[in-house]
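Biologist: Please walk me through this one. Keep it short, I'm new to structures.

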Amino acid sequence: MDVKSVGVIGAGQMGNGIAHVLALAEYDVLLNDVSQDALNSAMATIEGNMARQASRGKISDEEMQSALKRITTTMELPQLGQTDLVIEAATERETVKQAIFESLLPHLQPHTILTSNTSSISITRLASRTDRPERFMGFHFMNPVPVMQLVELIRGIATDQPTFAACKAVVDRLGKTAASAEDFPAFIVNRILMPMINEAVYTLYEGVGNVQSIDQSMKLGANHPMGPLELADFIGLDTCLAIMNVLHDGLADTKYRPCPLLTKYVEAGWLGRKTQRGFYDYRGEAPVPTR
């Protein structure tokens with residue numbers, strides 16, 4: 001199947017990044033959200049990020065203008081039923097994702113492929129609630145989407161080969177690299193990354209080191225570009241906790257038990273950069289550790 005048009009559900013950090021790279025790859029993009037403000041903000045973000053790419057010579061002004069014209073926004077979810085491929089990038093809650101797919105199903109074309117950008121939720125379970133489990137798979141971009149080169153493609157138990165091939169072709173056209181993952185909790189990247197972040201929070205919780213010493217140790221001692229606590233703030237502590245809970249519930253192994261301090265930060269609403277406080281306080285000129 002040759003994908004020409006793509007519907008993106010959710011205009012947040014991931015959704016606007018996905019729309020950005022699809023438009024530059026000359027796909028017609030229909031970007032959906034329940035909020036017009038979110039759609040307006042997403043378009044402003046996309047234009048700003050493309051302008052930055054143009055200023056650095058990564059794309060031409062003509063490519064930028066053409067790409068922006070390929071993105072249409074809508075608050076009407078049924079309109080996405082006319083696209084060839086749908087990428088759901090809504091909040092990381094299974095009930096929300098299920099409700100979105102159930103609302104969309106009556107409006108889909110027979111050939112439309114459904115995918116989810118979920119970072120941890122079972123693809124097989126999401127697919128089972130639709131009328132096309134064979135044309136459903138995980139399409140997991142990394143954040144920030146325009147910069148990161150990897151896309152995890154996750155087959156559910158029923159996903160057929162033509163669906164996988166069509167999604168792989170999209171990844172190739174984006175100039176990114178596809179990693180094929182099996183449908184087990186958190187897939188590949190987060191199965192490895194989140195326990196590392198959780199262990200860093202335990203290291204803080206147990207007083208082995210403070211925020212600054214933990215992050216410096218991993219940046220200078222393991223050559224990581226960001227420390228694990230800084231990275232957790234970037235991802236969102238609520239997202240980190242949700243993925244750890246998926247791992248803990250899905251694999252029933254105590255090594256995936258979320259650190260109580262991570263839970264406490266989320267309960268406080270200190271979710272990282274998006275709320276201006278997490279393991280660092282971002283309200284001043286420079287981030288300041290909160291522990």
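Biologist: How many salt bridges does the count come to?
Modeller: The count comes to 12 salt bridges. A salt bridge here is a side-chain nitrogen of Lys or Arg within 4 Å of a carboxyl oxygen of Asp or Glu. This is a predicted model, where local features need pLDDT of at least 70 and side-chain atom pairs need 80 or more, while totals for chains, interfaces and linings use all residues. Residues are numbered from 1 along each chain as its sequence is written, and side-chain values use heavy atoms, without hydrogens or water.

Biologist: Which residue forms a salt bridge with Glu94?
Modeller: Arg125 does, with the closest N and O atoms 2.7 Å apart. The pair links distant parts of the chain. Glu94 sits in helix H4 (residues 94-104), and Arg125 in helix H5 (residues 123-128), 31 residues away. Helices (H or I, at least four residues) and strands (E, at least two) are DSSP runs, numbered from the N terminus.

Biologist: New topic. In what order do the strands of the sheet come?
Modeller: The order is S3-S2-S1-S4-S5-S6-S7-S8. These eight strands make an open sheet with mixed pairing. Two strands pair if DSSP finds at least two bridges between them.

Biologist: Which are the edge strands?
Modeller: Strand S3 (71-74) and strand S8 (177-181), since each pairs on one side only. From one strand to the next, the twist averages 25°.

Biologist: How many bridges join S1 to S2?
Modeller: Five, between S1 (residues 5-9) and S2 (residues 28-32), and the two run parallel. Take Val8: its bridge partner in S2 is Leu31.

Biologist: Now helices. At what angle do the axes of H9 and H10 cross?
Modeller: Roughly 100°, and the axes come within 6 Å. That makes H9 roughly perpendicular to H10, a label for angles of 65 to 115 degrees. Axes are lines fitted to C-alpha atoms, over the stretch in contact for helices, with angles from 0 to 180 degrees between N-to-C directions.

Biologist: Which residues of H9 and H10 meet?
Modeller: Ala232, Asp233 and Ile235 in H9 meet Leu237, Thr239 and Cys240 in H10. Contact means heavy atoms within 4.5 Å.

Conventions: Angles under 35 degrees count as roughly parallel, over 145 as roughly antiparallel, 65 to 115 as roughly perpendicular and the rest as oblique.
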